[in-house]
Amino acid sequence: MIRRAVLVVLGLIWLGPTYLLLVNASRPAASYDASSAWLPSGDFSLFENFGRALESANLGDSLASTALYAVVSPVLGVLIGALAGYTIVVLRLRRGFWWFLLIFGGTIFPSQMLLVPLFVGYSDAGLYDSRLGMILIYTAINVPLAAFVLRNFYTGVAFSIFEAARMDGASTWRIFWRVYLPISTSALAAVFILEFTFIWNDLIFGLTLTQTENVRPVMTALAGLMTDVYAGTPVPVGLAAGLVCSLPTVLLFLATQRLFARGLSLGSV
């Protein structure tokens with residue numbers, strides 16, 4: 001009984017910030033008062049506040065760019081990671097383990113270490129403040145995780161499947177595309193969901209590598225909007241923008257949570 005009561009209290013404490021976000025994001029922009037932040041206003045102005053944020057920060061372009069990055073880059077990253085895992089495990093690449101360490105080893109370095117060389121390299125290559133540049137960096141960052149999960153997954157697949165397909169005359173590429181890729185759908189989906197969430201919530205690379213409104217990710221635009229809270233943007237407007245822009249990742253996870261859990265369990269073989 002005591003344990004249940006403690007869990008309920010801890011749950012309410014954990015939900016406190018979410019409650020504050022919902023209450024104040026739905027409050028009319030002109031009626032915000034920090035002293036009454038815990039009390040509902042009785043008026044629902046969430047979409048009105050979000051519409052105001054769309055106009056003041058041009059979030060529409062940022063949302064479109066982020067949707068592009070969050071779909072294209074994970075797809076490319078998952079495919080390249082699956083190819084790497086397939087080559088190392090199934091094709092038994094010579095010194096495959098060391099190649100895997102080379103691919104995955106870059107993740108041990110903090111992202112902040114990459115910012116200065118990325119900024120300089122992107123400026124010299126003409127990729128700074130471009131959608132192509134953002135797709136490339138997000139894809140490169142996503143490949144190691146995909147390679148890790150798919151390498152583990154393919155380790156648990158019987159090698160006789162590959163041998164049987166080869167005896168039937170299938171090429172190496174055809175076996176990957178028609179056999180190994182379909183049987184790893186759950187693992188691929190789990191990695192895609194993780195990478196989609198990471199890209200959608202990214203701030204640091206957007207701040208470093210973008211500048212214009214039609215290229216920068218949505219979290220970068222939101223950061224600028226929330227900074228303007230102290231210069232005239234009402235707090236409910238900033239909160240409403242943050243709440244609505246965070247919904248895609250929540251909805252994606254809720255819609256695919258079973259597939260996500262199953263894919264991670266398969267990828268941990």
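1. Helices here are DSSP runs of H or I with at least four residues, numbered from the N terminus. The model is predicted, so local features need pLDDT of at least 70 and side-chain atom pairs count only at pLDDT 80 or more, while totals for chains, interfaces and linings use all residues. Residues are numbered from 1 along each chain as its sequence is written, and side-chain values use heavy atoms, with hydrogens and water left out.

2. Helix 3 covers residues 59-90, and its 32 residues should span 46 Å at 1.5 Å a residue (1.5 Å times one less than the number of residues). The end C-alpha atoms lie 45 Å apart, which agrees. Just after this helix, Arg92 has a positive phi of about 55 degrees.

3. The largest pocket holds about 330 Å³ of space. A pocket is an open set of points on a 1 Å grid over the protein atoms alone, where a 1.4 Å probe fits, with protein on both sides within 12 Å along at least five of seven lines; lining residues have an atom within 4 Å of a point. Points are joined across faces, edges and corners, and the volume is the space filled by probe spheres set on them.

4. Of the 16 residues lining the largest pocket, Thr107, Ala140, Ile141, Asn142 and Pro144 are the closest to its centre. Helix 6 (131-155) is among the elements giving two or more residues, and gives the most, with five.

5. The second largest pocket has a volume of about 150 Å³. Its lining includes Thr18, Leu21, Gly242 and Val250. Helix 1 (2-25) and helix 12 (235-267) each give two or more residues; helix 12 gives the most, with five.
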